[in-house]
Amino acid sequence: MHLGSIYVDKRDFLQARFFFEQVILVDPLSIDGLNNIGNVLFELNLFDDAKKYFINEIKKMKYKVTKTFSNFIIVDFNLD
């Protein structure tokens, strides 16, 4: 995920998305990978897609709900 984070810092969200998607290909249960893709999609104003990733992440996690749930709420408000 390091390369994805570098591209986020550079605000190159398309490249960041590519590298975060590679994480999901290797580890489909990666909570951080799902969250990072959701954050990138949010930055790209793809709110519906971001919401899907955040919901998918919430379904796969057991304890780390606070971070993802807050991201989900932000996206949900932007859809209105």
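A residue is counted as buried when its relative accessible area is under 20%. In this predicted model, Ser 30 has a relative accessible area of 9% and is therefore buried. Ser 30 is placed in the loop that runs between α2 (13–26) and α3 (31–43), and its side chain comes to 2.9 Å from the backbone nitrogen of Gly 33.

Salt bridges number 3 in the structure. One of them joins Glu 43 to Arg 11, with 3.5 Å between the closest N and O atoms. This pair connects distant parts of the chain, 32 residues apart, since Glu 43 belongs to helix α3 and Arg 11 to the loop between α1 (2–9) and α2. Glu 43 is partly exposed, at 37% relative accessibility, whereas Arg 11 is exposed, at 57%.

In helix α4 (residues 47–60), Lys 52 and Asp 49 are 3 residues apart, about one turn of the helix. Their side chains form a salt bridge with an N to O distance of 4.0 Å. Lys 52 is exposed, at 57% relative accessibility, while Asp 49 is partly exposed, at 29%.

Helix α2 also contains Phe 18, which is partly exposed with a relative accessible area of 40%. The C-alpha atom of Phe 18 is 7.5 Å from that of Gly 4, although 14 residues separate them along the chain.

Definitions and conventions:
Residues are numbered from 1 along each chain as its sequence is written. This is a predicted model: local features need pLDDT of at least 70, side-chain atom pairs count only at pLDDT 80 or more; totals for chains, interfaces and linings use all residues. Side-chain values use heavy atoms; hydrogens and water are left out. Helices (H or I, at least four residues) and strands (E, at least two) are DSSP runs, numbered from the N terminus. Buried means under 20% relative accessible area, exposed over 50%, partly exposed in between (1.4 Å probe, protein chains only). A polar contact is a pair of N or O atoms within 3.5 Å; within protein, one must be able to donate a hydrogen and the other to accept it, and residues adjacent in sequence count only if both atoms are side-chain atoms.
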